Amino acid sequence: MPKMKSNKGAAKRFKKTASGFKCKQSHTSHILTKKSTKRKRHLRGTNLVAASDVAQVHSMLPYA
């Protein structure tokens, strides 16, 4: 039986951690002038994928 393929878009966006998957926060790439400094500061860093979405991400990344 052949190997399963990973979803390459998901592989670039999610990384496996001990407690789930981490991902980058959205709304940080453009149209930043109308967003407040506080809002942009809180959008920095990474988040964990929501518990309701972990199974879907795991199915896209079978070897993660």
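**Getting to know the chain**

Trainee: What share of the contacts in the protein chain with a separation of 6 or more comes from residues 24 or more positions apart?
Mentor: That share is 62%, with a contact meaning heavy atoms within 4.5 Å. Before we go on, this is a predicted model, where local features need pLDDT of at least 70, side-chain atom pairs count only at pLDDT 80 or more, and totals for chains, interfaces and linings use all residues. Residues are numbered from 1 along each chain as its sequence is written, and side-chain values use heavy atoms, leaving out hydrogens and water.

Trainee: Okay, how many helices and strands are there in the protein chain?
Mentor: Three helices and three strands. Both are DSSP runs numbered from the N terminus, helices being H or I with at least four residues and strands E with at least two. Going along the sequence, you read α-β-β-α-β-α.

Trainee: And which strands pair with β2?
Mentor: Strand β1 (residues 15-17) runs antiparallel to β2, joined by three bridges. Strand β3 (residues 46-48) also pairs with β2 in the antiparallel sense, over three bridges. Strands pair here if DSSP finds at least two bridges between them.

Trainee: Which residues are bridge partners there?
Mentor: T17 partners G20 in β2, and K22 has L48 of β3 as its partner. The link from β1 to β2 is a hairpin through two residues.

Trainee: Switching topic, what's the radius of gyration of the protein chain?
Mentor: The protein chain has 15 Å, while a compact globule of 64 residues would be near 11 Å. The radius is taken over C-alpha atoms, and the globule rule is 2.2 Å times the number of residues to the power 0.38. The C-alpha trace spans about 50 × 20 × 15 Å along its principal axes.

Trainee: How much of the protein chain counts as buried?
Mentor: Of its 64 residues, 16%. Buried means under 20% relative accessible area, exposed over 50%, and partly exposed in between, using a 1.4 Å probe and protein chains only.

Trainee: Where does K35 sit, and is it buried or exposed?
Mentor: K35 is in the loop between β2 (20-24) and α2 (37-42). K35 is buried yet has no salt bridge, meaning a side-chain nitrogen of Lys or Arg within 4 Å of a carboxyl oxygen of Asp or Glu.

Trainee: What does K35 touch, then?
Mentor: Leaving out residues up to four places away in sequence, K35 touches H27, H30 and K40.

Trainee: What about phi for H27?
Mentor: Phi of H27 is near 65 degrees, a positive value in a residue other than glycine. Most residues other than glycine have a negative phi. H27 lies in the loop between β2 and α2 and counts as exposed at 54% relative accessibility.

Trainee: And what is phi for I31?
Mentor: I31 has a positive phi of about 55 degrees, although it isn't a glycine. I31 is in the loop between β2 and α2, and is partly exposed at 47%.

Trainee: Last one: where is G9, and how far is it from L61?
Mentor: G9 is in helix α1 (residues 8-13). G9 and L61 are 52 residues apart in sequence and 10.0 Å apart in space, C-alpha to C-alpha.

Conventions: Lys, Arg positive; Asp, Glu negative; His and termini not counted.
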